[in-house]
Amino acid sequence: MATAAKGHRVRRRPGKPEPGSRPRAGTESPWTVSSVRGLRILQVAPFKKLAWLVHGFSTRTGGQSLLPSGERVLNLGVADWDSRENVLKNRRALQTAIDAEKLQLVPLRQFHSAVVHCFATAPAELCKGDAALTNSPGLLLGIQTADCVPILLVDPIKRVVAAVHAGWRGTLARIAEKTVGELRKRFRSDPRDLFAALGPAIGGCCYEVGTELVTQFSSQFADAEEWFDELRTGDEPNPLQWLNMMPPGHQPPAKNVRLDLRRANRAQLLAAGLSDKNIFVSDLCTACHLDLFFSYRKEADRSGRLMSLVGMQP
Ligand SMILES: [Zn+2]
C-alpha cells in the first residue's frame, strides 16, 4: 500500500533486520563462524553442503598486517599502511583456511561499476570490474569490501559461481541483477536454482547517504522506498533553518537519510527470479562491529579490506 503522501513519512526504524537475515521460526541460522588457525571465517551452511564448492567471507581477525594502532589484522587489499607481502601472505592464509590453497585467486580492480567479467582461465593481469563469474574448477573469485555488499552466487545445477561487489553505485547500476542475467545468458542458469549469500556490509543502522540518493534510487526502482529509513529528497523545507535564526549559508545542513544496501540487493535478486528461501543475508553491520570487520566509513584510510571468496575445487 503506497497511498500515503510521500515525503516526511518515516517508513521504519533504521537497523530493523532485513527479511531473510534472521533465521525463520523453528530453523537454524544458515550462517556459521569457524576459527581456523587464528582466522575467523563466515560461511553459509547450504554452500558448505556442496563438496565441490569452496567459499568464505573473511573477518579482520588474525593475519600479518600491523595497523598503526598496533593491532594485527587480516588485511586482504593493498593499502598505504600495509605491505604487499603482508597482503599476499594474508590471502594465502585465507585460502588455506577455507581449503582453497589449490585454487588460483582471481581478484578484480574494482571501481564501483556494473562491469561483469566471465573467466575461463585466470587473466594475466587484474581486470577492471565489479563482478566475476566462472564455470572453471580451480579458479577462486575474490571480492574486496569494507562496507560495500559482497554477494556470492552459486548455481548447483550448472555448476557456475559468481562474486559481486555492490556499493551504492553498483547497486544503482543493477550489478546483482546484471550478474544473474550473465549467468542465464552464458550458462543457461535457471534463477530459481541459484543460491545467493550477502555477506557482512554496512547496515541500514549506519549507512548515511545524501538525500539525492532517494531521488536517484526512486527513479530507477519501484520499491526503492523500502530501502531508506525516510523518504526525504532534500527539497523539503528545513524547519531548523527558521528556528535557529542563523543567516543564510550558516544554517545546519539537512539531515541525511539512511540506506539499507543489503535490502536493495536482496530485492534485485528476487526481481531477477531467485527464490526467497535461497537468499541468505548476513545481519552483521561492518560499522557496528569494528572488532570483527573493516569499515571504510569508520576507519577511512586506516581501513583494511575484507575478502569474499567462491570457487570450485579442481
Ligand atoms: Zn551499523
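A residue is called buried if 20 or more other C-beta atoms lie within 10 Å of its own, exposed if 12 or fewer do, and partly exposed in between, with C-beta atoms placed from the backbone. The model described here is predicted, so local features need pLDDT of at least 70, side-chain atom pairs count only at pLDDT 80 or more, and totals for chains, interfaces and linings use all residues. Residues are numbered from 1 along each chain as its sequence is written.

The chain has 314 residues, and 44% of them count as buried. Its secondary structure comes to eight helices and 18 strands. Helices (H or I, at least four residues) and strands (E, at least two) are DSSP runs, numbered from the N terminus. Two residues are in contact if their C-beta atoms, placed from the backbone, lie within 7 Å. Of the contacts with a separation of 6 or more, 67% join residues 24 or more positions apart.

Six strands form an open sheet in the order E1-E2-E3-E18-E11-E6, and the pairing is mixed. Strands pair if DSSP finds at least two bridges between them. Strand E1 (31-36) and strand E6 (104-106) stand at the edges. Each has a single partner strand, so one side of each is left without a neighbour in the sheet. On average, neighbouring strands of this sheet are turned by 30 degrees against each other, direction ignored. Axes are lines fitted to C-alpha atoms, for helices over the stretch in contact, and angles run from 0 to 180 degrees between N-to-C directions. Within the sheet, strand E2 (residues 39-44) pairs with strand E3 (residues 53-58) in the antiparallel sense, over two bridges. Here Leu42 stands opposite Phe57 in E3.

Helix H2 (residues 84-97) packs on this sheet. The helix touches E1, E2, E3, E6, E11 and strand E18 (306-312), and its direction makes about 50 degrees with that of E2. The buried residues of H2 include Val87, Asn90, Leu94 and Ala97. The expected span of a helix is 1.5 Å times one less than its number of residues. For the 14 residues of H2 this gives 20 Å, and the end C-alpha atoms are 20 Å apart, which agrees. Just after H2, Asp99 takes a positive phi of about 65 degrees.

Helix H7 (residues 261-271) is mostly covered, with nine of its 11 residues buried. Among them are Leu261, Arg262, Arg263 and Leu269. The cover over the buried residues includes E12, strand E13 (160-166), H3, H4, strand E14 (195-198) and strand E17 (279-281). Gly273 follows H7 and has a positive phi, near 110 degrees.

Most residues other than glycine have a negative phi. Asp147 has a positive value, near 115 degrees. This residue is found in the loop between strand E11 (139-145) and strand E12 (149-155). Asp147 is buried, because 25 other C-beta atoms lie within 10 Å. Arg174 also has a positive phi, near 65 degrees. Its place is in the loop between helix H3 (168-172) and helix H4 (175-187). Arg174 has 19 C-beta neighbours inside 10 Å, so it counts as partly exposed.

A further loop, between helix H5 (212-220) and helix H6 (239-243), holds Glu225. With 16 other C-beta atoms within 10 Å, Glu225 is partly exposed. Glu225 and Val214 are 11 residues apart along the chain, and their C-alpha atoms are separated by 7.8 Å.
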